Amino acid sequence: MTIVTKLIEAGAKILDKLDEHLLPDAGYANSNSSCTYCELDNENEQLQYVTTHDVKPFALNKKDRIFDGIIGYSDIKKEFVKALEASSPVGILLVGPPGCGKSEFLKRIAASFEEESVFIDGTYGSKAGIFQILYDRRPKYVLLDEIDKLSGQDQQALFNLMETGRLTKTTKVENYDIELRTWVFATANNKDDILEPLFDRFERYFLSEYSDDEFKAIAVQRLKKEGIQDEELALYIANTVLRGLGRKSLRDCIRIARKSKTIEEVDETVHTLKKYGLK
C-alpha cells in the first residue's frame, strides 16, 4: 500500500468520524476548533489528532466541580458527587481531627447550593433550635459541622428524621409532623460522642490529619483568598505556623496573614504568640 493510498484512507476515516460526531465524544467541542486535522504515524500506521487552536473541553456537571479547591481525597469527592446525584437521601459522615479538611466538604456544598442547603455548626446549634431552622427552610441538604457536639435530644431527633423522612415536634406550644426528604452530610471530631443508632445511619469515612506538605499547599491556596498573592510570603506564613507554633491551623495562618505584609511582621507575631500565647 503506497503512502498516497494510506493518506486517502486516513482522510476518509476522518470524514467518517466527523460525520459520526466522535470528536465531541472524546471530550472536545469541535465548534471551538475549526482547524482539526490528522497526522499519520508512518511507523505505527495510527491516526493522531492534532489541533492548531485551543480546544475547550465540554462543561462538566456542576456537581463534578464542587470540590475542586480541596486538595486530595479524590475518592471521597466522587462519593459525595454520587450522593448528591442519588435519587433518594444518602447520609455521609466525615470523622477526623481538626485540620484534616473535613469541614471544607460541607462549606463547598453550602456555597454551591445556597438555596437548597442549611449549614449548622453543632457547637452552637442545639440551644438555637436547629430543627426550627429545618422546619422553616425545608432544605434538601442539611450540613452539620461537628455533629458530635449536638445534645442527645437533638441527635435523637436527627436520627428520627433520617430514619423516617419526617420532621416532628410535639410540645405544649408546637405540634408538627411534616415530610422532609433531606440529605444529611456531617462531620465529627469524635465518633464516641455520637449516638450509636444515628452513627449507623451514615456512610462513614475516617480522615487523618493532613501531611505537612498538604497543609502548606492548602494554606497557600487559602491565603490567596485573603489577598496574599505573594506565594513566597504565604508559604513562609504556613511554614512558620507549622514549625514555629507547632500546629496545623489554617485559622492561625489567616489571622497572621491579615495582619502581616512582610516576613518581618510575620516573625514578630509568631514571636509574641510563642512568648504569651502557647498554653
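Mentor: Here are a few questions on helices, with answers.
This is a predicted model, where local features need pLDDT of at least 70, side-chain atom pairs count only at pLDDT 80 or more, and totals for chains, interfaces and linings use all residues. Residues are numbered from 1 along each chain as its sequence is written, and side-chain values use heavy atoms, with hydrogens and water left out.

Trainee: How are H10 and H11 oriented to each other?

Mentor: The axes of H10 (residues 231-244) and H11 (residues 250-259) come within 9 Å and cross at roughly 130°. Angles under 35 degrees count as roughly parallel, over 145 as roughly antiparallel, 65 to 115 as roughly perpendicular and the rest as oblique. H10 and H11 are therefore oblique.

Trainee: Which residues of H11 make the contact with H10?

Mentor: Contact means heavy atoms within 4.5 Å. On the H10 side, Ile237, Ala238 and Val241 take part. The H11 residues are Asp252, Cys253, Ile256 and Ala257.

Trainee: Within what arc do the buried residues of H3 fall?

Mentor: Buried means under 20% relative accessible area, and exposed over 50%, with a 1.4 Å probe and protein chains only. In H3 (residues 74-84), Ile76, Lys77, Phe80, Val81, Ala83 and Leu84 are buried. They line one face of the helix, because seen down the axis of H3 they fall within an arc of 160°.

Trainee: Which residues are exposed on the other side of H3?

Mentor: The buried residues of H3 are covered by elements including strand E5 (141-145) and helix H4 (102-112). On the other side of H3, the exposed residues are Ser74, Asp75 and Lys78.

Note on methods:
Axes are lines fitted to C-alpha atoms, for helices over the stretch in contact, and angles run from 0 to 180 degrees between N-to-C directions. Helices (H or I, at least four residues) and strands (E, at least two) are DSSP runs, numbered from the N terminus. The arc is that of the directions from the helix axis to the C-beta atoms.
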